[in-house]
Amino acid sequence: MDKILISGNWVCGEAAIRAGCRFYAGYPITPQNELTEYMAEHMRRVEGGTFIQAESEIAAINMVLGASAAGARAMTSSSSPGISLKQEGISALAADELPAVIVNMMRGGPGLGNILPSQGDYFQATRGGGHGDYRTIVLAPSSVQELADLTMDAFDLADAYRNPVMILGDGMTGQMMEPVVFGKPRPRRYSEKYVLKGCGEGKSRFVRGLILDALRMEEHNWKLARKYSVIAQKEVRFETFRTGNAKLVIIAYGIAARIAKGAINRLRDSGYRVGLIRPITLWPFPAQIIRDTAERIGNFLVFEMSAGQMLEDVKLALEGRARVSFYGRPGGVVPTPAELAKAIVQEYQR
Amino acid sequence: MKKVFSRPKSLKNTAFHYCAGCGHSITHRLICDAIDQLGIRGITIGVPPAGCAVLAYNYFDVDMLEAPHGRGCAVATGIKRTLPDRVVFSYQGDGDLAAIGTAETFHAANRGDNITVIFINNAVYGMTGGQMAPTTLLGMTSTTSPPGRSATLDGHPIRMSEVLAGLDGVRYIERCAVNTPRNILRAGRAIRKAFQYQMDGVGFTMIEVLSQCPTNWKMTPAESCRWIDEVMTKTFPVGVIKDTGKGGTHAD
């Protein structure tokens with residue numbers, strides 16, 4: 001298999017096409033434009049491939065809703081303010097139990113913010129984000145290779161659970177170039193019975209989230225909740241790094257975890273026993289490994305490029321079992337490993 | 001004895017929830033007649049709106065996918081681009097199509113997406129209780145324009161058909177009404193023609209239907225039918241607005 005040098009945004013598009021994505025609608029927003037442009041160029045090379053530059057993020061996600069119901073593997077992408085606009089459609093996809101992949105290359109916020117890498121959308125991504133009682137599966141890559149792998153996985157997860165899946169990257173993951181080897185595309189396992197393609201000679205069907213009767217709506221909510229609990233049991237992914245004899249464990253995801261690894265390697269060279277737990281799925285959140293680790297390690301430091309969002313999930317996971325401190329840089333600031341190492345040493349010596 | 005009138009096959013045998021005298025039920029029927037006549041029940045996918053017709057999937061015996069508020073045209077675009085050989089229509093009210101969904105409607109029309117929009121214009125928000133719509137007539141009272149719509153405060157009623165007709169992607173737009181037998185027959189022919197154009201791959205088509213809303217207009221059904229002719233058509237004249245499809249101009 002060939003190894004190629006490619007940027008995160010491009011690889012996301014290429015991996016999607018290799019995974020069988022045949023419908024993409026998007027709207028330009030920095031720092032994810034290269035992905036939209038990649039799809040414009042490459043969707044045409046595959047049979048039945050559709051690219052639409054939509055008039056807005058709202059239109060794009062609703063086009064995805066239509067395409068998904070009609071049986072296409074469908075994807076849209078955006079960055080923070082654009083994802084806010086897509087939330088209406090993501091909630092509808094969740095209600096309708098339709099699969100779709102949504103890529104968010106996060107930038108500084110709130111509001112228009114800036115166009116620099118950030119992790120300020122954690123709450124929005126992991127709490128549903130739109131209205132109603134629902135969850136989105138959230139995958140957080142920390143390298144371009146992983147972005148390729150997780151993009152392909154995202155389509156399988158979306159199909160398997162008939163649920164929207166979000167790839168939560170950031171401006172840096174999207175724009176940096178790294179060598180990548182593509183995994184083998186897997187055949188799509190998705191029943192034709194879910195495809196709304198005209199009823200033929202048979203009975204007509206409808207797909208909708210509107211359920212006016214409260215008891216039936218409650219039933220639908222409980223059905224979704226049961227599905228989410230299956231996902232929470234089966235789909236948790238995380239990586240541990242040098243936690244073996246650690247005295248302090250950093251918890252970080254995405255590009256922040258990359259920075260943390262750099263800091264940990266430096267500190268290990270100087271004799272500090274520091275490790276890392278990296279959540280790969282942000283929802284479902286890998287609470288168990290954090291709880292298990294707290295049995296032998298009493299000191300955690302959450303590091304995020306935000307003012308502290310995943311921090312809440314870590315505290316929920318620990319339920320007071322261990323000490324948690326926080327180091328964060330919101331607003332599009334990317335800390336260096338040296339800067340983080342300094343913050344870790346302070347905590348380590350406390 | 002010869003049977004001259006019956007329920008269309010693609011219309012489910014269910015009682016409508018609509019108010020007495022409402023035009024939605026007539027329009028549903030006309031769409032189903034057109035689907036039957038063209039023999040396209042099995043390949044048709046409908047997109048109902050938010051609003052009074054939100055339950056349209058209880059009536060149309062074709063596959064249907066509900067759209068969020070105003071997004072009918074975007075959802076229809078997604079379906080149609082995925083399944084180009086199906087007949088895809090969205091069914092939208094004036095609030096849905098001309099307020100919250102203006103952008104989606106305008107751009108689907110401009111792209112020339114090969115879909116058909118059935119646009120119900122009753123000059124008010126019906127389901128939410130009679131608030132001012134983009135199509136509310138000047139001077140017309142509503143729950144949110146109690147003294148009557150004022151051009152200065154509220155702007156003018158939007159003629160969406162004329163606005164969209166200016167776009168090159170649009171091939172056929174006709175404004176009809178369902179207030180008299182003659183108008184109903186004409187609306188039925190227009191809907192059938194729009195679907196036929198779509199099957200011929202002509203491009204974006206829209207049928208605007210002036211539809212009586214006795215409840216929110218606070219009129220009897222008979223009064224509201226007359227009001228369409230006497231008042232509403234002065235702002236929204238019926239007729240072919242644009243026809244650049246294969247069939248040429250609409251034959252009445």
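**Reading the interface and the sheet**

Author: In this predicted model, 32 residues of chain B are in contact (heavy atoms within 4.5 Å) with 35 residues of chain A. Local features need pLDDT of at least 70 and side-chain atom pairs count only at pLDDT 80 or more, while totals for chains, interfaces and linings use all residues. Residues are numbered from 1 along each chain as its sequence is written, chains are lettered from A and ligands numbered from 1 in the order written, and side-chain values use heavy atoms, without hydrogens and water.

Reader: What area is buried between chain B and chain A?

Author: The size of an interface is often given as the accessible area lost when the parts come together. Here the buried area (accessible area, 1.4 Å probe, lost on being put together and summed over both parts) is about 2600 Å², with 59% from carbon and sulfur atoms. B:Y57, B:D63 and B:L65 supply 21% of the area that chain B buries against chain A, more than any other three residues.

Reader: How many salt bridges and polar contacts cross the interface of chain B and chain A?

Author: A salt bridge requires a side-chain nitrogen of Lys or Arg within 4 Å of a carboxyl oxygen of Asp or Glu. The rule finds three across this interface, including one between the side chains of B:R111 and A:E55 (2.9 Å, N to O). A polar contact is a pair of N or O atoms within 3.5 Å; within protein, one must be able to donate a hydrogen and the other to accept it, and residues adjacent in sequence count only if both atoms are side-chain atoms. There are 17 residue pairs in polar contact across the interface, both residues at pLDDT 80 or more.

Reader: Which element gives the largest share of the side of chain B that touches chain A?

Author: Helices (H or I, at least four residues) and strands (E, at least two) are DSSP runs numbered from the N terminus. Helix 2 of chain B gives the largest share, seven residues.

Reader: How are strands of the two chains paired?

Author: Two strands pair if DSSP finds at least two bridges between them. Strand 9 (residues 206–207) of chain A runs parallel to strand 2 of chain B, joined by two bridges, and A:F206 stands opposite B:M64.

Reader: What is the strand order of the open sheet in chain A?

Author: Its seven strands follow the order 3-2-4-5-7-6-13, with mixed pairing. Strand 3 (50–53) and strand 13 (281–283) of chain A are the edge strands, each pairing on one side only.

Technical notes:
Buried area is the accessible area (1.4 Å probe) that two parts lose on being put together, summed over both.
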